[in-house]
Amino acid sequence: MKRFALAGNPNCGKTTLFNNLTGSTAHVGNWPGVTVEKKNGVYKKLSEPISIIDLPGIYSLSPYTSEEVVSRNYILDEKPDCVINIVDATNLERNLYLTSQLLEIDVPVVVAVNMMDVLEKAGDKLDEKILSDRLGVPVVKISALEESNLEDLMKVAFKASQSHRDGSSIIYHKDLNHLIGDVKIAFKGKNVENPLFHAIKLVENDEIETKMHEDLLPMVDDFKKTFNDETFGDDIEAIIADERYQYISKNFAKAITRHEPKPDENQKENKSDRIDKVLTHKVFGLLIFAAILFLVFHFTFSENLFFLGGLFEDVVPSFEGTMYEGLFWTDAGINSPGVILFNFFDMSFSGIIEAVGGAMESGLGEGHWLTGFLCDGVLSGLFAILGFLPQILVLFLFFSIMEDTGYMARVAFILDRIFRKFGLSGRAFIPMIMGFGCSVPAMVNTRTLADENEKISTIRVIPFFSCGAKLPILVAIAGGIAEQFGFGNVDLITYSMYCLGIIVAIVAVLFLRHTTLKGDAAPFIMELPQYHWPQFKSLMIHLWDKAKHFVKKAFTIILASQIVIWFLSSFGWNWHMVDSMQDSILGSIGMLIQPIFTPLGFGSQLTSIGWVFAVAAITGLIAKEDVIATFIALGAAAVAYINSGNVDPAILEALEADEEGVTAVVTMIQASGITWQGCISFIAFNMLTIPCFAACATAKAELKEGTFKWTLLFWIVTSLLGSTFVYCFLSMFSADSLAWAIPVTLVLIGLGVGSIFLIRYLNNKKVKVA
Amino acid sequence: MFTNPDTLWIEILVVIATLIFLSAVIGVYIYKRVHQLPTGDCAYCHKSKKQLLKEFYKEFPKQ
């Protein structure tokens, strides 16, 4: 099967083209650096199937970044039958720099000029014949987004792949050309493939070439001794780069006919510039970002949309008296789209569980262990976790829209100003914001950070950016707090918790960058993409990817955890079923570890059933969704304890009628006697503690040897100290705990400040000794 | 448990099915660990990133 490689600059539309050619669902984003590995797919519309390889976006074939190494190695070593070089029509000159390097390789090249729709909309025209004549390879105009001319492109590429092509250069510097020619002959003598490319790279003093062909280095070094350029001295790499750009600007300007602006249009900025003036404003930019983020949370989690609750005080809930009561609105207000979807799934699942439970009880008899196992141990937890899926998808739909329109790239730009003060560049913000989706790809993205200390700091704080898996914890506990303690809106609590994660990340970075991981922030250069409307297909790809991962996880690891938790909470050490959860294996383990969490507000100060919080915190290490799944699995078992008279009988009724996460949390709050401060500390602990196994494995792979163990320690210490501080600080707002909370909080602040000064002092001392 | 002869076969069936499911999940996990394959939620991402890193470190060995 023939193989065509897609190569081009970051954010020029390679992945969109790849998806449209192969019908794949690879992640597409409107910011540079989305593709960090090569992907394979098959194009089937030609006489024979063609394997398409989507290479990471690169600016050159010099080994400055891992993406450049991967792309270069693929083209040189794997020898594709054709390279389709995608260039952005709106940034032609910069994109052709890479083209000039690809042309030096002995491989058929076809240039696909993408984003023609944007170029034509601006009134500009491109003559592909001029471009093709100057480059010496076929040129096809396309629009990957609108899927126009893609079949022509593949036909041209197929035709090009049927003949051999020798590399060609656009370097016309007389002396350098002479040297390149000599080195090329030497490479040919050594039977090296692609001699022109290797020769130019060796002359450029390319890191890989100089390592691989040390024997040819004296040839270049001798030349350098007699060579001196007026502007660049003996920096041959700079001279060659200049040569390329000079050739491109001289020869390709004719290919584009720019739209003649009317006199009054001269001063006008384009639409993107005008939007940027507001969205990237020094002050308003940040406020707009905070407002947008709040709106996203409001539309996803609010049970009081647009805060119209007051108008609904005497209104009858929607679908009153049915299983879907309160689906669209309640007396608290209108539900947001996220809550409507959540309610729909949750109410449907509750109906299924009730029906299954009823059928099993009539068949097997009341109180049969199988009913408890299937309804409480398997279905409740599984359905409760699946019930969160619509809300997660709504949240990620908003995030995907922000990403696809190009706004996220602006957010990185806005935050660069702030992050720089803390010792990180805006570049570090990109992996952090990816952490809102999943920590694994976010940690991998830190490879783009050149400074090792900046990379370690970023990896350590990525788990603080609440990922999708932590969402059920936030929603259920926030729902429990709102219901039990009468705290305003769930969306406000959830939004605050996301902000808490960001604040802790900033404080942690500040601490790390001024103590153990010192260093200056690297300059942040990022091309801001044009704003465009998000593509429906691309949004659906994002959501499908998220849903697939979530459902797969629910039916494997979470279901398995549920079964194990049910078993451990139903059996004692003598392998007999126990009447009370307190006597179970899980109960005894929970009570053993419970004191560890006392300073955090959910330890020994709770009632004897309070160990459930300790167990939930630990099961969350397997998968974060397990925290709420644990509550749900143990919720029904807690009924026995509730019957002892510690809990409002109304809650017992609610628990029996409805198996949603919030009710289970409310049950636990009532049964354990935990305070709202303890609940928030519990969320904080789960936000800050060691991430799931997959994220830990990725962190270990990404960090240099010997660093991972300190990273684990950092997570443990941060989660314990952070949650303790949150608990003590919030306890100052309660009259019952004011007396001890003030001195303890002050001592914690004092210890924090003291330790920073101590580490700084020790570091300075070390430098002086050195 | 296992006291009612009428429901005994269902109970045994559920226990066997549960054990098979748990063994499969744990077995797949152990297999992946032994063969150093990616495990967890983002196994695909992890797998591809690991390959990328391998290629990168081949060119630029870890210090």
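Guide: Axes are lines fitted to C-alpha atoms, for helices over the stretch in contact, and angles run from 0 to 180 degrees between N-to-C directions. This is a predicted model, in which local features need pLDDT of at least 70, side-chain atom pairs count only at pLDDT 80 or more, and totals for chains, interfaces and linings use all residues. Residues are numbered from 1 along each chain as its sequence is written, while chains are lettered from A and ligands numbered from 1 in the order in which they are written.

Visitor: At what angle do helix H13 and helix H14 of chain A pack?

Guide: Helices (H or I, at least four residues) and strands (E, at least two) are DSSP runs, numbered from the N terminus. Here H13 (residues 284-301) and H14 (residues 337-364) of chain A pack at about 30 degrees, their axes 4 Å apart. Angles under 35 degrees count as roughly parallel, over 145 as roughly antiparallel, 65 to 115 as roughly perpendicular and the rest as oblique, so H13(A) is roughly parallel to H14(A).

Visitor: Is strand S4 of chain A mostly covered or uncovered?

Guide: A residue is buried if 20 or more other C-beta atoms, placed from the backbone, lie within 10 Å of its own, exposed if 12 or fewer, and partly exposed in between. In S4 (residues 82-88) of chain A, seven of seven residues are buried, so that the strand is mostly covered.

Visitor: Which strands are joined to S4(A)?

Guide: Two strands pair if DSSP finds at least two bridges between them. Five bridges join S1 (residues 2-8) of chain A to S4(A), in parallel, and six join S4(A) to S5 (residues 109-114) of chain A, also in parallel.
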